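User: I'd like to go through this model with you. Can we start with how the parts of the chain meet?
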Amino acid sequence: MFETSEAGANVNMDQLKRQAAARALEEVRDGMQLGLGTGSTAKHFVELLGERVAAGLKVIGVPTSEATRLDATRCGVPLTTLDEIDHLDITIDGADEIDAELNLIKGGGGALLREKIVAAASDRMIVIADDTKWVPTLGKFPLPIEVIPFGLGATRRAIEKAFAECGVSGQMAVRKAKGGDKDGHVFVTDGGHWIVDAQLGQIGDPARLASALSAIPGVVEHGLFIGLASSAVLAGGEGIRVIERRKPKGD
Ligand SMILES: O=C(CO)[C@H](O)[C@H](O)COP(=O)(O)O
């Protein structure tokens, strides 16, 4: 399904992200419980949602990171936790790569663990992105793997074994923080873990790789989101494309 973009071809990436966020906001209804994603695209959604809340919309959100918690608070979006409510209606989040099955690579911003917990607790997950995130095959974006620092050598060897079994290979690097007083130090997630980014190039069977990585004890979570996204809103120079997942979530 295609929709016409008002902005035409000369929009910059940030405008495209905002357009995708605005389109997803049309799905939000009074009384909904929302998962709030992390990243520059999700930040647009939180800001636009804040404007609707200021105008009287009644919603409550669960943030997927401390950064989003701060943004949502600044924008006046009421927040709760997954301990206080029993489900979420929609999670709206960005992605680093999206394929035709709506499998995703996420975690470029380091929030993959909370993002996956929140998405899994939601009836629907709407992915919002500029259309450069749409790829024929996942893997060009380095796959984030959240790990426990203890025993990292053993965990890395187990990850390499899982890669070989799944027909992929590539360099791994422990993520470093960029900017601020933590610049150059190891990046630490909101959960206190580290991230290993794996440069795989192409992931032929993302579901198989996801299962193999999940089975490794030192791996807390990985950035392959398989079967979680219900739809993707992609904004490009030609307009907005909304892609629905063929099978409903949970099937
Ligand atoms: O997974 C994420 C954070 O962990 C983000 O959703 C992903 O990195 C996309 O970010 P952006 O909207 O800034 O391109």
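User: What area is buried between domain 1 and domain 2?
Analyst: This is a predicted model. In it, about 1,000 Å² is buried between domain 1 and domain 2, and carbon and sulfur atoms give 62% of that area.

User: Which residues of domain 1 lose the most area to domain 2?
Analyst: L112, L113 and K116 do, and together they account for 47% of what the domain 1 side buries.

User: Where are the domains divided?
Analyst: Domain 1 takes in 2-134 + 227-244, and domain 2 covers 143-222. The centres of the two domains, taken over C-alpha atoms, are separated by 25 Å.

User: How many residues are in contact on each side?
Analyst: On the domain 1 side there are 13 residues, in contact with 15 residues of domain 2.

User: How many salt bridges cross that interface?
Analyst: The rule finds one between domain 1 and domain 2. There are also six residue pairs in polar contact across the interface, with both residues at pLDDT 80 or more.

User: Which element gives the largest share of the domain 1 side?
Analyst: Helix α4 (residues 112-120), with four residues of the side that touches domain 2. By type, the residues of that side of domain 1 are three nonpolar, six polar and four charged.

User: And K116, which residue does its side chain meet in a salt bridge?
Analyst: The partner is E221, at 2.9 Å from N to O.

User: How many salt bridges does the structure hold?
Analyst: The count is 16. One of them joins E27 and R124, whose closest N and O atoms are 3.2 Å apart. That pair links distant parts of the chain, 97 residues apart: E27 is in the loop between α1 (13-25) and β2 (33-36), and R124 is in strand β7 (residues 122-130).

User: Is E27 buried, exposed or partly exposed, and why?
Analyst: E27 has a relative accessible area of 23%, so it falls between the 20% and 50% cut-offs and is partly exposed. R124 is also classed as partly exposed, at 27% relative accessibility.

User: Back to helix α4. What does R114 in that helix pair with?
Analyst: R114 forms a salt bridge with E66, and the closest N and O atoms are 2.8 Å apart. E66 sits in helix α3 (residues 66-74), so to speak 48 residues from R114 in helix α4, and the pair links distant parts of the chain. E66 counts as partly exposed at 32% relative accessibility, and R114 is partly exposed with a relative accessible area of 28%.

User: Which residue does E101 form a salt bridge with?
Analyst: With R246, where the closest N and O atoms are 3.3 Å apart. E101 lies in the loop between β5 and β6 and R246 in the segment after β14 (239-244), so the pair ties together parts that are 145 residues apart in sequence. R246 is exposed, with a relative accessible area of 67%, whereas E101 counts as partly exposed at 44%.

User: Which residues are linked in a network of salt bridges?
Analyst: R18, K43, E47, E51, D71 and R74.

User: Is L102 buried or exposed?
Analyst: Buried, with a relative accessible area of 1%. L102 is also among the residues that S231 touches.

User: Last one, S214. Where does it lie?
Analyst: S214 is in helix α6 (residues 206-214) and counts as partly exposed at 48% relative accessibility.

User: What does the side chain of S214 reach?
Analyst: The backbone oxygen of A210, at 2.9 Å.

Notes:
Residues are numbered from 1 along each chain as its sequence is written. This is a predicted model: local features need pLDDT of at least 70, side-chain atom pairs count only at pLDDT 80 or more; totals for chains, interfaces and linings use all residues. Side-chain values use heavy atoms; hydrogens and water are left out. Domain bounds come from an automatic or database domain assignment. Contact means heavy atoms within 4.5 Å. Buried area is the accessible area (1.4 Å probe) that two parts lose on being put together, summed over both. A salt bridge is a side-chain nitrogen of Lys or Arg within 4 Å of a carboxyl oxygen of Asp or Glu. A polar contact is a pair of N or O atoms within 3.5 Å; within protein, one must be able to donate a hydrogen and the other to accept it, and residues adjacent in sequence count only if both atoms are side-chain atoms. Helices (H or I, at least four residues) and strands (E, at least two) are DSSP runs, numbered from the N terminus. Ala, Val, Leu, Ile, Met, Phe, Trp, Tyr, Cys and Pro count as nonpolar, Asp, Glu, Lys and Arg as charged, and the others, Gly among them, as polar. Buried means under 20% relative accessible area, exposed over 50%, partly exposed in between (1.4 Å probe, protein chains only). Lists of a residue's contacts leave out its neighbours within four places in sequence.
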